[in-house]
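Dear colleague,

I am passing on the structure that we talked about, and you will find it directly below.

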Amino acid sequence: MSETIQVPVPGELRDADKVQKDTGTAGVLPEGWAMTIGLEVHVELTTRTKMWCGCSTVFGGDPNTNVCEVCTGQPGALPVLNAQALEDAALLGLALQGDIAEVCRFHRKNYFYPDMAKNYQISQYDVPLVHDGWLDVPVGDSGEVHRVGIERLHMEEDTGKSMHVGESGRLHGADRSLIDYNRCGIPLLEVVSRPHVHDPETAQAYLRELVAIVRATGVSDARMEEGSIRCDANVSVARPGQPLGTRCEIKNLNSVRSLGRAIGYEAARQVAVIEDGGTITMETRHWDEGRGVTETLRKKESVTDYRYFPDPDLVEIVSPREWVEGVRARLPELPVATRARLVDAGVPAEAAGTLVGSDLLPRYDEAVAAGASPAAVANWLTGDVTGQLGAAGLTIDEAGITGAHIAELVALVDDGTLSTKLAKQVLEGLVEERGAKSPSRIAADRGLQQVSDEGELRAICEQVVADNTGTVEQIRGGNQKAIGALVGQVMKATKGQADPRKTNELLRDLIG
């Protein structure tokens, strides 16, 4: 669901501290202006080893421990292509409706920067692995679909990680930088869109859909918070019908929210500069999340600056048709089909959209396969499960919650063992126990089972009726809503564990 922000007006943009730090995503440019957006999404593959060597790709190790002569570019070290990375890249390309090049090659992209020890990055230039794909993007709540062209998907290696530190804690105020080369050489795919996006909401929807496809194919965990997906946005503004304006690139946006905010701000900034008589310079800009502004990072390099040439240590890659078709056979159910399947099963469209592309989807499928109602499972996963995981600061994997747990929880509510209120307490216990106990065991250990024995419940209801003669007379006089007070008394006597349906039936029977 889209949110809305107010993009700063030109006068406000002159003072960065006055820019609104809104929580939304989309903005409206002054009348007579249009924005054009191209997106470059970098996807780290979850292969066991790096692109050109046998070093581990596990996230979170001590700095500079997963490195070797190859990924740090030592003299005499030769790269060897990771075959699994090649196949995974082709798989994602096919999921994006792209064509696989019969022959492609790797180039050296030359630049001096501390995050690449050998001073060049092995990438692809004029002949990428995948070209001419597209992605259909559902935008907003109306069901409208916007097709965004995919110009290319090429393979390359990731860079090291620079950490800028110092008194201010901000990039431009740091007094020193530290480099961790663990990430250097991890297989990386760059998905380059065509400039078919013209507003922040569509850009966000594109990124969400791409992340969902990446997760569906299993080529990456797509965790933006860990840097395994990063997005760059190229933004330009122009008068409608005029040639495209000069673009500026916003680097390393690490959330869907940041992408929308950064695009909205940058487009408004460019309009303000032009309307003040200035010109836009092609450059790379940094997004400051806290202040909600973009800032100049460096002059934008051109292709000539990188001095691409074929890597002499690597041969051309040939992709026979039979190999491509073998990869195509691995294609899973893609998000558009998954959403349709869920909606057909009775899951509300909004809940289906939340499940698709998330870590919740495998639990949904497991729970439904175990016999639980699709709508009930979706409701629990997108509601209380998501809420409790967020409060605990855990992923569903970390919490140890399985599809079987959800199916059992739904069954306990359906058969009257638990009320919805008690089931939420059981779910809380499930998170606390990290999935080590079943919902039934947690309910038993904590005394949370619903009182549904008719004899026991009737005795409690009889006592409540006897103690509340005034309310009983109101009900007999036609005030049917007053029975809620008696139900409340039964709930109080049973510490909230009475079956509400049976309680209501018994009270009405006793009152007559």
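**What was found**

Cys 461 is buried, with a relative accessible area of 0%, where buried means under 20% relative accessible area, exposed means over 50%, and partly exposed lies in between, as judged with a 1.4 Å probe on protein chains only. Please keep in mind that this is a predicted model, in which local features need pLDDT of at least 70 and side-chain atom pairs count only at pLDDT 80 or more, while totals for chains, interfaces and linings use all residues. Residues are numbered from 1 along each chain as its sequence is written, and side-chain values use heavy atoms, with hydrogens and water left out.

Another cysteine, Cys 71, is also buried, at a relative accessible area of 4%. The structure holds zero disulfides, a disulfide being a pair of cysteine sulfur atoms within 2.5 Å. Cys 71 accordingly takes part in none, and the nearest cysteine sulfur, which belongs to Cys 68, is 3.9 Å away.

As for the chain as a whole, it has 18 helices and 16 strands, which are DSSP runs numbered from the N terminus (helices are H or I with at least four residues, strands are E with at least two). The C-alpha trace spans about 90 × 55 × 50 Å along its principal axes, and buried residues make up 48% of the 512 residues. Among the contacts with a separation of 6 or more, 69% come from residues 24 or more positions apart, where contact means heavy atoms within 4.5 Å.

The contact is made by Leu 86, Glu 87, Ala 90, Leu 91 and Leu 94 of H2, together with Trp 323, Val 324, Val 327 and Arg 328 of H6.

In the second pair, the axes of helix H3 (residues 200-217) and helix H7 (residues 335-344) come within 9 Å and cross at roughly 90°, so H3 and H7 are likewise roughly perpendicular to each other. Here the residues in contact are Glu 209, Ala 212, Ile 213 and Ala 216 of H3 and Pro 335, Val 336 and Arg 339 of H7.

Asp 232 lies in strand E11 (residues 229-238) and is buried, with a relative accessible area of 0%. Its side chain is joined to that of Lys 251 by a polar contact of 3.0 Å, meaning a pair of N or O atoms within 3.5 Å, of which, within protein, one must be able to donate a hydrogen and the other to accept it, while residues adjacent in sequence count only if both atoms are side-chain atoms. The side chain of Asp 232 also reaches the backbone nitrogen of Asn 252 at 2.8 Å.

Finally, Asp 132, in strand E6 (residues 130-139), has a positive phi, near 55°, without being a glycine, and is partly exposed at 38% relative accessible area. Arg 307, also not a glycine, has a positive phi of about 50° and counts as exposed at 54% relative accessibility.

Terms used:
Axes are lines fitted to C-alpha atoms, for helices over the stretch in contact, and angles run from 0 to 180 degrees between N-to-C directions. Angles under 35 degrees count as roughly parallel, over 145 as roughly antiparallel, 65 to 115 as roughly perpendicular and the rest as oblique.
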